[in-house]
Amino acid sequence: MKIENGKVVALDYVLKLDDGIVVDASEKGSPLLYLHGHQNIIPGLEAELNGLSSGDTKDVSVSPAEGYGEYESELIQRAPKDRFPEGSNFNLGDEVSAQDPEGHVRHGRITEINSDEVVVDFNHMLAGKTLNFSVTVGEIRQASENEISNGHVQEEKSCCSSGECRD
């Protein structure tokens, strides 16, 4: 069976940056399961997996535009400390959430702390980076109607397996 839209794919992978540093990998015996064609993984990787079969291996280089996007300096925000809840502790690298004017929750991390303000970077940590994947395709199966309608793989013991998924 080949990878195509509507198939559930088990994928073993290692993700490295251009400097060779491993930033993510599937755990041995626990491949990533995703529903192909439903934007469950980054577009550049998904496109390169089309047509592969179980047992195939491939090295894939994904540009920032097809991965987590280009790095955008506008997404670095300076916020006065008094805009945070009273008693907040600030540590470099801490993750914070904020609501934008349209009501969307944005996630970022603290990159600088000054006496009266905190600098938060709302870019994805891998934005602007070329992503280098080494992948091995495991099992491929036809997705269930429930998985197709919900747009993602459903584990056997989840709310989704009973048809009650609300995602």
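Biologist: Which element gives the largest share of the lining of the largest pocket?

Modeller: E6 does, with four residues. This is a predicted model, where local features need pLDDT of at least 70, side-chain atom pairs count only at pLDDT 80 or more, and totals for chains, interfaces and linings use all residues. Residues are numbered from 1 along each chain as its sequence is written, and side-chain values use heavy atoms, with hydrogens and water left out.

Biologist: How do I read a pocket, and what volume has the largest pocket?

Modeller: Take a 1 Å grid over the protein atoms alone; a pocket is an open set of points where a 1.4 Å probe fits, with protein on both sides within 12 Å along at least five of seven lines. Lining residues have an atom within 4 Å of a point. Points are joined across faces, edges and corners, and the volume is the space filled by probe spheres set on them. Here the largest pocket has about 420 Å³.

Biologist: Which residues lie nearest its centre?

Modeller: Gln77, Arg83, Ala98, Gln99 and Phe122, out of 15 lining residues. The elements giving two or more residues to this lining are E5 and strand E6 (95–99). Strands (E, at least two residues) and helices (H or I, at least four) are DSSP runs, numbered from the N terminus.

Biologist: What classes make up the lining of the largest pocket?

Modeller: Eight residues are nonpolar, three polar and four charged. Nonpolar covers Ala, Val, Leu, Ile, Met, Phe, Trp, Tyr, Cys and Pro; charged covers Asp, Glu, Lys and Arg; the others, Gly among them, are polar.

Biologist: Now salt bridges. How many does a search of the whole structure find?

Modeller: Side chains of opposite charge can pair when their charged atoms come close. The criterion is a side-chain nitrogen of Lys or Arg within 4 Å of a carboxyl oxygen of Asp or Glu. The search finds five. One of them joins lysine 7 to glutamate 4, with the closest N and O atoms 3.8 Å apart.

Biologist: Is lysine 7 buried or exposed?

Modeller: Buried, at 8% relative accessibility. Buried means under 20% relative accessible area, exposed over 50%, partly exposed in between (1.4 Å probe, protein chains only). Glutamate 4 is partly exposed at 43%.

Biologist: What does the salt bridge of glutamate 48 with lysine 58 tie together?

Modeller: Its closest N and O atoms are 2.9 Å apart. Glutamate 48 lies in helix H1 (residues 43–49) and lysine 58 in strand E4 (residues 57–62), so the pair ties together parts 10 residues apart in sequence.

Biologist: Where do glutamate 117 and arginine 78 lie?

Modeller: Their side chains meet in a salt bridge (2.8 Å, N to O). Glutamate 117 is in strand E8 (residues 117–121) and arginine 78 in strand E5 (residues 76–80), 39 residues apart.
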